[in-house]
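Subject: Structure handover

Hello,

Here is the structure for your files. My notes on it follow below.

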Amino acid sequence: ITGGGGGGGGGGGRDDAVDRYRQQYEENLNPFTSFSRKERARQYQGMNVADRATLSFSKFALSHKYARLFVFCYAMLLHGLVFLVLYKLSHTENCERNIAVECATRYMDHMRQFHGDTHAGGVEDFGGVSGADDGPVDLAVGN
């Protein structure tokens, strides 16, 4: 009844179970393994809440296939969004700059046409054409 060999059915399963439990028993006896576990637990307890959450999320994300896929897609989506916003801002800024120059030029034209003002003031700041050419200006005091 306590079959050793030859029966052909139950002996193989029993040896697998004994080997598995023997390996677990030997791991528990190994001082390096127990020290490693204790040290890991001590370091984990020493972490603040944010670090623990990051570590737990990282372990979860790296250990599951679909979690890795989700994190990858999420990162790509965020990068795409940032690039799109930066592109849109750079394009909008360029358009606003062109509108500002056009507005300043129209203002200068209006001032010349209706008010006879030869210098509308502030147009140079926008990169537009300045007022009438007054020639060189003498900055010397007392002349």
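Helices (H or I, at least four residues) and strands (E, at least two) are DSSP runs, numbered from the N terminus. This is a predicted model: local features need pLDDT of at least 70, side-chain atom pairs count only at pLDDT 80 or more, and totals for chains, interfaces and linings use all residues. Residues are numbered from 1 along each chain as its sequence is written, and side-chain values use heavy atoms, leaving out hydrogens and water.

Overall fold: the protein has four helices and zero strands. The pattern along the sequence is α-α-α-α. Of its 143 residues, 6% count as buried (under 20% relative accessible area; exposed is over 50%, partly exposed in between; 1.4 Å probe, protein chains only).

Salt bridges: there are three (a side-chain nitrogen of Lys or Arg within 4 Å of a carboxyl oxygen of Asp or Glu).

- Helix α1 (residues 10-29) holds Arg 22 and Asp 19, three residues apart. Their closest N and O atoms are 3.4 Å apart. Arg 22 is partly exposed at 44% relative accessibility, and Asp 19 is partly exposed at 42%.
- Helix α2 (residues 31-46) holds Arg 42 and Glu 39, three residues apart, about one turn of the helix. The N to O distance is 2.4 Å. Arg 42 counts as exposed at 52%; Glu 39 is partly exposed at 24%.
- Helix α4 (residues 65-115) holds Glu 102 and Arg 106, four residues apart. Their closest N and O atoms lie 2.9 Å apart. Glu 102 is partly exposed at 42%, while Arg 106 counts as exposed at 57%.

Best wishes
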